[in-house]
Amino acid sequence: MTAIDPTAHLTAEQIEELGRELDAIRDEVIAGRGEKDAAYIRRVISAQRKLELASRGVLLFSIFPPAWLLGTAGLSVAKIIENMEIGHNVLHGQWDWMRDPKIHSTTWEWDHVSPSEQWKHSHNELHHTYTNVIGKDNDLGYGIMRVDEDQKWHPFHLGQPLWNLVNACFFEYGIAAYDLELGKNLHRSRRKDPEFRARARAVGRKIRKQALKDYVVHPLLSGPSFPTTLAATFTANLVRNIWSHSVIMCGHFPEGVQVFERRSIEGETRGQWYLRQMMGSANISGSRAMHFMTGNLSHQIEHHLFPDLPSNRYAEVAVKVRALFEKYELEYVTGPLPKQVFSAWRKVFRLSLPNRKREVTTRDRERELVAA
Amino acid sequence: MVTTPLLPSDYLDLVGPLRAGADLRGRIEAVHPETGDAATVVIRPGRDWRGHTAGQYVRIGVDVDGTRLWRAYSITSPTDRRDGRITITVKAVRDGKVSNHLIRRATPGTLVRLEQPTGDFVLPPSAPAKVLFLTAGSGITPVMGMLRDIDFDDVVMVHCAPKPQDVIFRGELRDLVAVGKLRLTEVHTAADGRLDIARLDELVPDWAERETWACGPAGLLDAAEDHWAGHGVRERLRTERFRPVTAVVGEGGDGVDGGEVTFSTTGRTVAADGTTPLLAVGEEAGVLMPSGCRMGICFGCVTPLRAGAVRDLRTGEITEAEPGVLIQTCVSAAAGPCDIER
Ligand SMILES: Cc1cc2nc3c(=O)[nH]c(=O)nc-3n(C[C@H](O)[C@H](O)[C@H](O)COP(=O)(O)OP(=O)(O)OC[C@H]3O[C@@H](n4cnc5c(N)ncnc54)[C@H](O)[C@@H]3O)c2cc1C
Ligand code: FES
């Protein structure tokens with residue numbers, strides 16, 4: 001946590017040198033991007049679409065239990081790939097360099113209730129810029145949870161294990177609400193703001209379309225299998241939500257990840273920005289299949305350093321990034337999924353209560369520094 | 001409703017990229033070498049291909065190293081080719097991305113994007129009695145499309161190439177000459193130097209009476225336009241340029257300042273100099289920039305200018321942002337900070 005600054009041993013010059021070394025890693029990948037990468041994403045998109053089609057086809061007969069199982073499993077996997085390895089990454093502009101209007105951040109719409117446009121703003125601009133800065137990065141607990149000692153405790157936080165569970169099950173709706181900044185915008189004074197209303201209507205339209213497809217059209221197409229197909233698509237969405245929620249929780253919540261004070265990012269240099277990304281993210285270790293199913297967000301640290309590099313390159317980038325962590329004696333937070341999920345949940349439980357003893361927080365430390 | 005957020009076509013494209021109703025694509029079926037640095041590419045166009053008029057060109061989007069690049073190529077196949085295929089003939093440009101890719105690396109089976117054919121470098125509905133083709137290098141391509149399309153009564157061709165072996169379609173031209181369908185003069189510039197346009201009097205004494213189509217490098221075309229105008233027969237001459245008329249401003253970039261260019265739809269801001277077309281600036285930054293001829297003639301690249309000012313690279317003229325102002329990004333460069341709606 002934040003009691004001791006784990007980067008205190010680095011001089012300003014070292015931090016800038018680290019920045020230059022990271023820039024070099026980035027430049028190397030950009031120079032080498034090419035035909036193989038383009039073929040990769042096209043292959044993934046094509047396979048995902050075929051899997052989704054096939055699964056929905058099987059679900060037309062979901063009245064038979066084996067068909068239900070097979071179709072639901074296939075659809076869950078297809079939906080996960082669509083959101084994680086494809087949607088999230090395309091919307092980051094990772095594939096914009098291909099200049100293919102069909103695979104471009106400005107044209108892509110994903111299978112998610114939050115419209116791409118709004119998600120890009122809150123995710124790419126806010127979360128990725130202000131990563132783990134208290135009061136700036138709303139991903140830090142999504143505005144409903146306390147995930148660091150430095151965040152002020154409120155009795156509302158007592159219920160946060162429950163909020164987190166509900167959020168996991170309906171994650172895409174949570175994201176949509178959060179992209180709309182509902183917490184802030186439902187205030188009487190803001191509710192009438194025409195810009196907010198337009199965005200809320202866009203979300204409403206997207207939800208309607210998504211729900212119509214998953215919960216009306218496809219079940220209807222299944223005829224006698226209507227109820228079972230309905231249950232299947234609901235389950236697939238549930239699986240996808242819980243999976244992405246877990247993966248994303250592992251990105252910033254596990255023990256060992258740092259959060260930052262608003263003031264600490266004033267006048268931040270490139271090197272310092274990189275350092276904040278390095279200290280504010282955590283990876284998930286695992287097999288290639290595991291990395292793929294997380295949309296390579298298992299390489300969260302690398303993704304935060306270079307959000308717009310093609311996801312298929314994070315694995316090779318990780319080797320070099322990890323070497324830099326070692327060189328600069330920084331802690332590379334990583335672990336298998338169950339361990340990281342457990343760690344994150346434990347934090348959610350622990351911080352639902354006020355800080356036990358007066359732990360030293362960043363704020364206190366800064367106060368001391370100022371006093372000295 | 002069934003496929004949201006995708007369209008049914010996104011799924012149909014998986015199996016039928018050339019089907020009717022799809023974005024217009026083509027499949028490369030073969031690449032035949034023509035000379036040491038030119039090749040003919042045989043393309044099977046999608047079902048919605050409307051067919052071309054001899055002399056027209058097609059805009060083609062090719063993935064080079066994974067990145068889609070758009071270029072224009074004249075169609076060299078006749079309009080009534082039985083199998084419905086079209087051909088383009090590409091000559092390598094030094095360091096040229098698309099030309100070298102098509103000639104040396106493109107493989108049969110590759111999909112490319114196409115636009116419908118366009119261009120007004122064409123024959124009138126009934127072919128004129130006396131015709132002159134004045135061409136150089138790859139400029140022979142649109143003319144070959146015409147020669148293959150119809151039989152002319154009286155056609156003369158003056159073609160310039162460095163050496164005899166550099167003449168594209170050499171064998172076919174010889175055949176046409178042999179059966180008396182074409183009179184051909186080759187100018188070999190490596191040995192004889194550039195064609196002096198005044199030599200036309202000697203090569204084609206009745207040139208001024210002929211309806212003329214000319215295609216080649218800017219030097220040749222500029223000279224021809226002056227020559228025809230000087231003799232008061234400018235309306236008999238039609239030209240096709242493969243490259244834009246050279247910029248009158250910023251030679252060497254002296255004294256021409258660029259600025260920060262914001263692509264507001266994509267949300268990207270990059271620095272640009274005052275001589276690089278905004279089309280290239282945007283493409284380099286990963287912004288989706290529509291384009292066509294890349295030389296200011298097709299208007300395939302027009303984009304609203306939301307703020308700031310741009311300079312027309314052909315004339316040096318400055319355009320400032322106002323509601324409704326559209327610019328051609330392929331021939332406009334930043335003149336200070338500006339905001340482009342892409
Ligand atoms: C209407 C039209 C029809 C055309 N028809 C044909 C055709 O039938 N066959 C054909 O081979 N080409 C044709 N071209 C030219 C073609 O579109 C490309 O410009 C050419 O192939 C070079 O593209 P590139 O990507 O290889 O070069 P780029 O990578 O774009 O350019 C590399 C370098 O070459 C220079 N350059 C660009 N174009 C040319 C050129 N034409 N000549 C000399 N230097 C150049 C550039 O300034 C740059 O410095 C046509 C162009 C137009 C506008
Ligand atoms: S691309 Fe043709 S006018 Fe600009």
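**View 1. Helix α9(A) gives the positive patch its largest share, five residues.** In this predicted model, the patch of positive charge on the surface gathers A:Arg188, A:Arg191, A:Lys192, A:Arg197, A:Arg201, A:Arg205, A:Arg208 and A:Lys209. Two helices of chain A, α8 (188–191) and α9 (194–221), each supply at least two residues of this patch. A:Arg201, which is one of the residues gathered in the patch, has its place in helix α9 of chain A. The residues counted in such a patch have over 30% relative accessible area and no salt bridge, and like charges are joined within 9 Å.

**View 2. Five strands of chain B form an open sheet with parallel pairing.** The order of the strands across the sheet is β9-β8-β7-β10-β11. At its edges lie β9 (183–188) and β11 (237–240) of chain B, each of which pairs on one side only. On average, and with direction ignored, neighbouring strands of this sheet are turned by 15° against each other.

**View 3. Strands β7 and β8 of chain B run parallel and are joined by seven bridges.** Strand β7 covers residues 130–136 of chain B, while strand β8 covers residues 154–161. Within this pair of strands, B:Val131 stands opposite B:Val155, the latter belonging to β8(B). Strands of a sheet pair through backbone hydrogen bonds, either parallel or antiparallel.

**View 4. Strand β14 of chain B runs antiparallel to β16, to β17 and to β15.** Between β14 (residues 302–312) and β16 (residues 326–328) of chain B there are three bridges, and here B:Val302 stands opposite B:Gln328 of β16(B). Six bridges join β14(B) to strand β17, which comprises residues 332–340 of chain B; in this pairing B:Gly308 stands opposite B:Cys338 of β17(B).

**View 5. A hairpin is formed by β14(B) and β15(B), with five residues between the strands.** Three bridges join β14(B) to strand β15, residues 318–320 of chain B, and the two strands run antiparallel. B:Arg311 stands opposite B:Ile318, which lies in β15(B). In this hairpin, B:Gly316 takes a positive phi near 85°.

Key
Residues numbered from 1 in each chain as written. Chains lettered and ligands numbered in written order. Predicted model: local features only at pLDDT ≥ 70, side-chain atom pairs only at ≥ 80, totals over all residues. Heavy atoms only, no water. Patch = residues over 30% accessible without salt bridge, like charges linked within 9 Å, V, L, I, M, F, W, Y side chains within 5 Å. Areas by Shrake-Rupley, 256 points an atom, 1.4 Å probe, with all protein chains shown as cover. Salt bridge = Lys/Arg side-chain N within 4 Å of Asp/Glu carboxyl O. Lys, Arg positive; Asp, Glu negative; His and termini not counted. Charge placed at Lys NZ, Arg CZ, Asp CG, Glu CD. Helix = DSSP H or I, 4+ residues; strand = E, 2+ residues; numbered from the N terminus. Pairing = 2+ DSSP bridges. Axes fitted to C-alpha atoms, helices over the stretch in contact; angles between N-to-C directions.
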